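Hello,

Here is the structure we talked about. Please open it and keep it beside this email as you read.

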Amino acid sequence: MLRLENLHVGYGEISVLRGVSLTVPTGAITALIGANGAGKSTTLNTISGLLKPTQGEILLEGTRIDGLQPEQVVRLGVVQVPEGRKVFRNLTVHETLVMGGYIHADKAAVAKDIARMFEAFPRLAERRTQLSGTLSGGEQQMLAFARALVARPKLLLLDEPSMGLAPRIVAEMAGLIRSIRAEGMTVLIVEQNAALALGVADEGHVLESGTIGLSSPAKDLLANDRVREAYLGL
Ligand code: ATP
C-alpha cells in the first residue's frame with residue numbers, strides 16, 4: 001500500500017528522520033514504535049503532506065505522493081487521526097462527522113456512514129448535538145476516530161490513539177483498531193504505548209536515532225528482550 005524510501009525530514013536545522021525506509025502492506029496493521037521525540041508524529045505528518053521531506057520518496061500504491069498538499073493526500077484515501085484528538089471544539093458531534101465526509105460527493109452515502117458510526121459508538125450518538133469541545137478525552141478520541149472512518153480511507157494513520165485514555169478505553173480502542181482491519185482497511189499506527197501497538201499490529205518497526213532500528217512481525221518484537229526492556233518497561 002505504502003512505501004517510505006530513505007526519508008529525511010527535519011525542522012530547520014534540526015534533522016529528525018535520517019533515512020527512514022519501511023513498507024505498510026495492504027490490509028495489515030503496521031506499528032511504528034519509538035521513544036518520546038523519536039520522530040513518530042513527524043513520520044505521519046510527512047506521509048499526510050503536512051511536512052515535506054528534504055530527501056527520499058513516499059509511494060502510495062506505487063505512485064509518489066511526497067510533494068502533494070495534505071488535501072490531495074486525503075483525496076487519495078490517506079486519512080490521519082492526529083495526536084491529542086484534535087477536534088473542532090465549536091462543532092457539534094454530528095457536524096464533525098459530516099465534515100469527515102467532505103471529500104465525498106455522495107452525501108446520502110456519508111449520512112449512512114454517520115448512522116453506522118452512531119451505532120458503533122452509542123456514546124457519540126447520545127451526544128450528537130453536543131459541542132465536541134465539551135466531550136471527555138475518551139469521547140473526543142472516539143470522535144476523531146469516527147470522523148476519519150467517515151472519510152472511508154484506504155490507509156488510516158493513527159497517531160497515539162491511546163494518549164490520555166483510561167486503561168478500559170485503551171482496551172476498547174484496541175478492539176476497534178482490529179475491527180477496522182477486519183473491514184479491509186490498512187492501518188499505520190504510531191504509539192508510545194508499544195504494548196498496545198504491537199498487540200494489535202501484524203508488523204512492527206522501531207524508530208531509533210532517526211532510522212528504523214528493527215523490523216519484525218509484531219509478536220516477535222513483543223518477545224524481543226531489547227524491545228521489552230526499552231519500550232515495554234519489562
Ligand atoms: P512523541 O511521542 O513525544 O509525540 P514523536 O516520536 O512523535 O514523539 P515527534 O513529535 O515526531 O516525535 O518529534 C520529533 C522531534 O522533532 C522532537 O525532538 C521534537 O522536539 C521535534 N519537533 C517536533 N515538531 C517540531 C517543530 N514544529 N519544530 C521544531 N522541532 C520539532
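Predicted model: local features only at pLDDT ≥ 70, side-chain atom pairs only at ≥ 80, totals over all residues.

**Overall shape**

The chain holds 10 helices and 10 strands. Its C-alpha trace spans about 45 × 40 × 35 Å along the principal axes. How does the radius of gyration fit a compact globule? A globule of 234 residues would have a value near 17 Å, and the chain has 17 Å, so the two agree. Of the residues, 51% count as buried. Look at the contacts too: among those between residues at least 6 apart in sequence, 67% join residues at least 24 apart.

**Charges**

There are 24 positive and 24 negative side chains. The centres of the two sets lie 4 Å apart. The whole structure has 14 salt bridges.

- Arginine 3 bridges to glutamate 5, with the closest N and O atoms 2.3 Å apart. Arginine 3 is partly exposed, at 39% relative accessible area. Glutamate 5 is partly exposed as well, at 28%.
- Glutamate 61 meets lysine 154 at 3.0 Å, N to O. This pair links distant parts of the chain, 93 residues apart. Glutamate 61 sits in the loop between β4 and β5, lysine 154 in the loop between α6 and β7.
- Aspartate 202 meets arginine 181 at 2.7 Å, N to O. Aspartate 202 lies in the loop between α8 and β9, and arginine 181 in helix α7.

Last, find the network: salt bridges link Asp113, Arg116, Arg152 and Glu183.

Best wishes

Methods:
Residues numbered from 1 in each chain as written. Heavy atoms only, no water. Helix = DSSP H or I, 4+ residues; strand = E, 2+ residues; numbered from the N terminus. Rg over C-alpha atoms; globule rule 2.2 N^0.38 Å. Buried < 20%, exposed > 50% of the residue type's maximum accessible area, 1.4 Å probe, protein only. Contact = heavy atoms within 4.5 Å. Lys, Arg positive; Asp, Glu negative; His and termini not counted. Charge placed at Lys NZ, Arg CZ, Asp CG, Glu CD. Salt bridge = Lys/Arg side-chain N within 4 Å of Asp/Glu carboxyl O.
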